[in-house]
Amino acid sequence: MRTRTAAGAAGALALLILTGCGAADMTRQASPYAAARGTKTVTLSVQSWVGAQANVAVAKYLLEHELGYRVDTVQVDEVPAWDALSQGRVDALLEDWGHPEQEQRYVAGKKTIARGGDLGVTGHIGWFVPTYFAKAHPDVTDWKNLNKYADELRTAESGGKGQLLDGSPSYVTNDKALVENLGLDYKVVFAGSEAAQITQIKQFAKERKPFLTYWYKPQWLFEKVPMTEVKLPAYKEGCDADPEKVACAYPHTPLQKFLNADFARDGGKAAAFLKNFRWTTEAQNEVALMIAEQKLTPEAAAGKWVAANEPTWRKWMP
C-alpha cells in the first residue's frame, strides 16, 4: 500500500480506507494525548496498509515496554496525516512514500514538521502479473505487449477492455494517465482498499486466472502469491512531474519518517527513539505477515518480533 509517491502505497486487514484527498477533516480523529505537556505520551499516525501498521506496532511496543510512554494511535489518511502532524494532533508519521507538496509547505515553508530520517525500507510501485502467467507468456512482462493480452485480462468490471486492478482511488497513482498515454486497451478498476484488492488477487490466484494489478513492495502478499513485474518505460527524474502526461514507471522511493517539529525538539527519549528507528524490508514483512496472515494482534506480533530481535532494537534506544 502504499501516499506512495506517485502511488505505494498505505491495509491488508481492512483497517481503514485510504482517502488521500480529504483535506483536514480526518485530523479530527486526533488523539487528546497528542502534544500533551508534562505527560509521557506519544501519538503515532497509522496508515491503512499493513506494512505501515507493522512499523507502528513495533514502535508502540518498545515505547511502552522499554521507555515507559503511553502511546496512542490515530488512523489518518496519507495527505490529511500531514495536516495533523503540522498541527500537533499527531507526533510522528513513520512511513511516507513521498509527498513533495506537503514537504515544501510544512518542512521547508512553515517549518512545523521535521524530517525523522530514513525508515530503512525502500518502496516501489509497479504493475504485476502472477508469476504463473508470466512463465506461460514471458512477453507479457513488457508493457508493449499488454494489448495482446487485453482480452484474457478482461473482467465484468472492465467491460470490453483489459482490467488493471488498483486499490483505493485515494492512493497516489498514475495508472489512468499511464493507460491513456501508453495507448493501452485497459481500464483501471479500483477494488476500494488494500484489503479488497488482496482478496481479489488471492481469488484470481486460487483459480489460476491471469490478472494485471497495481501493487507495491514491500508487501507480504508476494510470499503467498508470487508476482512478476511488468516493465514500464524507464523512470527518469521529473518524468512524473505532470500527472496528466506521465508515461514512465514509478520510482524506487526510500521511505521516510516525519515528526511534528515541536515534538522533534522537545519530545525527549521518544523523539530520539523514533529518529533512530530503522529496520529492513524483511523485518517489516515478517511483522506484517504475522498480522495479516497469522492473524496476530499488532501488539502480539510486535512482541514476538521484539523478543527475537533484541540486538536490532537495542540500537534504537536513546
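This is a predicted model: local features need pLDDT of at least 70, side-chain atom pairs count only at pLDDT 80 or more; totals for chains, interfaces and linings use all residues.
**Helix H6**

H6 runs over residues 194-206 and has 13 residues. Its first and last C-alpha atoms lie 18 Å apart, close to the 18 Å expected at 1.5 Å a residue. The buried residues of H6 are Glu194, Ala195, Gln197, Ile198, Ile201, Phe204 and Ala205. The cover over these buried residues includes two helices, H1 (50-65) and H4 (131-136). It also includes two strands, S5 (162-166) and S7 (212-217). Arg208 follows H6 and has a positive phi, near 55°.

**Helix H9**

H9 covers residues 281-292. Its 12 residues should span 16 Å at 1.5 Å a residue, and its end C-alpha atoms are 16 Å apart, so the two values agree. Buried in H9 are Ala283, Gln284, Asn285, Val287, Ala288, Met290, Ile291 and Ala292. H1 is among the elements that cover the buried residues of H9. Others include strand S3 (92-96), strand S4 (113-130) and helix H10 (298-308).

An α-helix has 3.6 residues a turn, so residues three or four places apart point the same way.

**H1 against H8**

H1 also meets helix H8, residues 268-276. Two packed helices are described by the angle between their axes and the distance between the axes. Here the axes come within 11 Å and cross at roughly 145°. The crossing of H1 and H8 is right-handed. On the H1 side, the contact is made by Ala59, Leu62 and Leu63. H8 contributes Ala270, Phe273 and Leu274. The contact residues divide into 6 nonpolar, no polar and no charged.

**The disulfide**

How many disulfides does a search of the whole structure find? The search finds 1. The disulfide joins Cys239 to Cys248, with an S to S distance of 2.0 Å. A disulfide is a covalent bond between the sulfur atoms of two cysteines. The link of Cys239 and Cys248 is right-handed, with 85° about the S-S bond.

| Cysteine | Relative accessibility | Class |
|---|---|---|
| Cys239 | 23% | partly exposed |
| Cys248 | 4% | buried |

Why are the two classed this way? Buried means under 20% relative accessible area. Cys248 has 4% and therefore counts as buried. Cys239 has 23% and so counts as partly exposed.

Notes: Residues are numbered from 1 along each chain as its sequence is written. Side-chain values use heavy atoms; hydrogens and water are left out. Helices (H or I, at least four residues) and strands (E, at least two) are DSSP runs, numbered from the N terminus. The expected span of a helix is 1.5 Å times one less than its number of residues. Buried means under 20% relative accessible area, exposed over 50%, partly exposed in between (1.4 Å probe, protein chains only). Contact means heavy atoms within 4.5 Å. Axes are lines fitted to C-alpha atoms, for helices over the stretch in contact, and angles run from 0 to 180 degrees between N-to-C directions. A crossing is left-handed if the near helix is turned anticlockwise from the far one by less than a right angle, and right-handed if clockwise. Ala, Val, Leu, Ile, Met, Phe, Trp, Tyr, Cys and Pro count as nonpolar, Asp, Glu, Lys and Arg as charged, and the others, Gly among them, as polar. A disulfide is a pair of cysteine sulfur atoms within 2.5 Å.
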